[in-house]
Amino acid sequence: MDPPIVGAGKVLDTMYLQTHHFSPWLLLSGLLVLTMDVTSGQISIQLIPQYPAINGSVTLSVTGITEKLELVSWYKGPGKSTQYQILAYVPGNNLPTLVPGLLYNDRISAFNNGSLHIKDLRVTDGGNYIVAVQTVTPAKDISVTLTIYEPVVKPRITAPTTQPKENESFTLTCNTVHATTIRWTRIGASVPSGAKLSGDNKTLTFSSVKRGDAGEYRCEARNLVSASTSDPYTVTVPYGPDKVQIEGAAFVRPGSSITLTCSADSVPPPEYQWKRNGTDIKEKTNKYTISNAAPEDEGLYTCVVRNNVTLRTATDSVYVNVTAEYTEPVSEDLPMIIGVVVAGVLLLILIIALIYLFMIHKRRKSSSDTTNSMMKSSSRNGQAEIPTQSPEQHELQYAAIEFKNQPKKEKTPELIYENRSPEALPPSTDNVVYSELKLR
């Protein structure tokens, strides 16, 4: 596309022509010999860019002229009357001519192909534009709507309060201008699924706000030419006080210190009040301390917790004994520890006893097997084998063999002594059992 022509050739002052009773169209009819050849498709107008923004520029590009271009006239308004005329433009190879209309200004210029260029756009530049293209054939009129987009104004979130009470209805509103779409976000978390959006997304409503809905919210506004995001809006959901608890020793010795600490789950942080035996003791923090306890300090201590937003109150109490005669409380884990130790010792004793019994049983079985083996061996050989006596063996057992129905011949017993050496005589101790040999 050729650069726009501003003031090229002869520019005729419309007011001057009207004053001197000249018609611009009479002059333009004498300039029809100044033509240009343009070949393309069907005539149309394209906006470049498609979404022009305020303070920017736009070109109403005429395309599709297939015949010799003789005259181009631009209008802004519902029709082609003189009051809506912007300019008339006669392209020429050497001397193009621009005739200003009533709506012409110095921000407007024309191209050799009949296109219109507007810079430093204003909102008032938007509207309906008509171009009349005259060639060797009758003029053709084409119109286009020009919209000037304004950047969105930075959104701002508002709400009736920054601290909605739990289970009450609560609405956030995104305030902006020129936005076509609005989107809500929560920093570090998703927007609660229970929150409902309005049709244009400008409001976010909680029908029954919960403590988990607290957080920092943003809204983002967009249109075709710009986007902007609001500053974070912090939503705090007051609740509580819940889970009030006093920590501190229940028994103290006279002269030692008493320290009681009160805690509660509450948003915003609650106020504290301490009482002893129902009487206010003028302490307004969550910690109460007595550096030198005396018997008169003994009593029932109560912590009163109040949330100034929810207007709820909760309490907890503990009785503090001031006495010299008390034993330190036994740890709750001590009985369990003692039980584990005792069970371990008993188990060890049981294991040792089982090992000892097993060894004795094994030794006795081994001794019995040895004796039986020797007796069987002697019986097979027809005579007694006298095993070597170990130094540690002190008891000898002797076998008794009886021969019956043998009157005429003496029989030598096959086994006289058992478990004695061949050269040893029967012991003469009381622990020795002798065998008897009877011949019949």
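Predicted model: local features only at pLDDT ≥ 70, side-chain atom pairs only at ≥ 80, totals over all residues.

Visitor: Why is Leu346 called exposed?

Guide: Residues count as exposed over 50% relative accessible area, as buried under 20%, and as partly exposed in between (1.4 Å probe, protein chains only). Leu346 has a relative accessibility of 54%, and therefore it counts as exposed. The residue lies in helix α3, residues 334-381; helices are DSSP runs of H or I with at least four residues, strands are runs of E with at least two, and both are numbered from the N terminus.

Visitor: What makes a nonpolar patch of Leu334, Ile337, Ile338, Val341, Val342, Val345, Leu346 and Ile349?

Guide: A patch takes residues with over 30% relative accessible area and no salt bridge; nonpolar side chains (Val, Leu, Ile, Met, Phe, Trp, Tyr) are joined within 5 Å, like charges within 9 Å. These residues form such a patch on the surface, with about 710 Å² of accessible area together. The area comes from the Shrake-Rupley method with a 1.4 Å probe, and for residues only the protein chains shown count as cover.

Visitor: How do you know that Asp125 and Arg107 form a salt bridge?

Guide: The term requires a side-chain nitrogen of Lys or Arg within 4 Å of a carboxyl oxygen of Asp or Glu. For Asp125 and Arg107 the N to O distance is 2.8 Å, and the side chains meet in a salt bridge. Asp125 lies in the loop between β7 (116-118) and β8 (127-134) and Arg107 in the loop between β5 (97-100) and β6 (108-110), so the pair ties together parts 18 residues apart in sequence. Both Asp125 and Arg107 are buried.

Visitor: Which residues are linked in a network of salt bridges?

Guide: Glu166, Arg211, Asp242 and Arg312 are linked in this way. Arg211 and Asp242 meet at 3.4 Å, N to O. Arg211 has a relative accessible area of 34% and is therefore partly exposed. In total, the structure holds eight salt bridges.

Visitor: Why are β18 and β23 said to stand at the edges?

Guide: Two strands pair if DSSP finds at least two bridges between them. The open sheet has the order β18-β20-β23, with antiparallel pairing. β18 (239-247) and β23 (287-290) each have a single partner strand, so one side of each is left without a neighbour in the sheet. β18 pairs with β20 (residues 258-267) over five bridges, and Asp242 has Asp265 in β20 as its bridge partner.

Visitor: What makes the pair of Phe206 and Tyr217 edge-to-face?

Guide: Rings of Phe, Tyr and Trp (its six-membered ring) pair if their centres lie within 6.5 Å; planes under 30 degrees apart count as stacked, over 60 as edge-to-face and the rest as tilted. The ring centres of Phe206 and Tyr217 are 6.0 Å apart and the planes stand at 80°, so this pair is edge-to-face. Phe206 lies in strand β14 and Tyr217 in strand β15.

How values were computed. Residues numbered from 1 in each chain as written. Heavy atoms only, no water.
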